[in-house]
Amino acid sequence: MVKAIVDPSLQAKMHQYQIVGRAAPTPKNPVPKIYRMRLFAKNTVLAKSRFWYFMKKLNKAKKSGGELLAVNELFDQGPTKVKNYGIWLRYESRTNTHNMYKEFRDVTINGAVSQMYSEMAGRHRAHPNTIQSINTATLKASECKRDHILEMHDGKLKFPIIRKMPLVAKKMRSTFQARRPMTFVR
């Protein structure tokens, strides 16, 4: 069996993690509050780092004075059909902090978040470490707002076949030919 070689740029780079942690128990606070976060990161190391970044802001709990209770990767239930995803995010530009809402179509939430990171890098020059995903949601067709998503909801949507090359029989094929190939359908 031959393994298919997939271009790494086409693979979803982001993974969804659920991290559960708390500040370490102390005599003053023997049972600290437990926090659970859903984070997107490239690997578990970056996910843990992101968790402690937010914990530092939330309740002054650092990695050195805290403990992780669980680190789980979350997967989509049915990654076989295309869905609409809405992502609420905040990012820091060179001048200010901005809130934003974006919509994407993908088969997984990880793919949609990967699209979001690459779009933010391309359109807004946002570094991945300055982007914070506030919320993600799977949207119904009626809940979508953005035009580039709405135009995909047409039931009669058709894509033209630009270059349909007829397959030549094996014995008739040659590496070099004296005439140009016809690249259109008659």
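# Rings, cores and loops: the labels explained

Visitor: Why is F51 counted as buried?

Guide: The relative accessibility of F51 is 0%. The cut-off for buried is under 20%, so F51 counts as buried. Bear in mind that this is a predicted model.

Visitor: And what makes W52 buried?

Guide: W52 has a relative accessible area of 7%. Buried means under 20%, so W52 is buried too.

Visitor: Why is the pair of F51 and W52 called edge-to-face?

Guide: The planes of the two rings stand at 75°. Over 60 degrees counts as edge-to-face, so F51 and W52 get that name. Their centres are 5.1 Å apart, and the limit for a pair is 6.5 Å. By this rule there are three aromatic pairs.

Visitor: What makes the pair of W88 and Y101 tilted?

Guide: The angle between the planes is 45°. Stacked needs under 30 degrees and edge-to-face needs over 60, so an angle in the remaining range is tilted. The distance is 4.8 Å, centre to centre.

Visitor: How do you know that this pair links distant parts of the chain?

Guide: W88 is in strand 4 and Y101 is in strand 5. They are 13 residues apart.

Visitor: How do you know that the charged end of K145 sits over the ring of Y101?

Guide: The charged end of K145 is 4.9 Å from the ring centre of Y101. The distance limit is 6 Å, and there is an angle limit of 35 degrees from the ring normal. K145 is counted as sitting over the ring.

Visitor: Which residues touch the most other members of the largest nonpolar core?

Guide: I87, L89, Y91, V113, M116, M120 and I131 do, in a core of 16 residues. Strand 4 (83-92), strand 5 (97-106) and helix 2 (109-124) each give two or more residues to this core. Helix 2 gives the most, with six.

Visitor: What is Y91 in contact with, leaving aside its neighbours within four places in sequence?

Guide: The contacts of Y91 include N96, M100, M120, H124 and I131. A second, separate core has 13 residues, among them Y17, L39, W52 and F54.

Visitor: What makes the phi of K60 worth a remark?

Guide: Phi of K60 is near 55°, a positive value, and K60 is not a glycine. Most residues other than glycine have a negative phi. K60 lies in the loop between helix 1 and strand 3 (66-74). At 78% against a cut-off of over 50%, K60 counts as exposed.

Visitor: What is the phi of R125?

Guide: R125 also has a positive phi, about 55°. Its place is the loop between helix 2 and strand 6. R125 is at 56% relative accessibility. Exposed means over 50%, so R125 counts as exposed.

Visitor: Why is R94 called exposed?

Guide: R94 has a relative accessible area of 80%. That sits over the 50% cut-off, so R94 is exposed. R94 is in the loop between strand 4 and strand 5. R94 and H124 are 30 residues apart in sequence, and their C-alpha atoms are 9.9 Å apart.

Technical notes
Residues numbered from 1 in each chain as written. Predicted model: local features only at pLDDT ≥ 70, side-chain atom pairs only at ≥ 80, totals over all residues. Heavy atoms only, no water. Core = buried A, V, L, I, M, F, W, Y, C linked by side-chain atoms within 4.5 Å. Buried < 20%, exposed > 50% of the residue type's maximum accessible area, 1.4 Å probe, protein only. Helix = DSSP H or I, 4+ residues; strand = E, 2+ residues; numbered from the N terminus. Contact = heavy atoms within 4.5 Å. Phe/Tyr/Trp six-rings, centres within 6.5 Å; stacked < 30°, edge-to-face > 60°.
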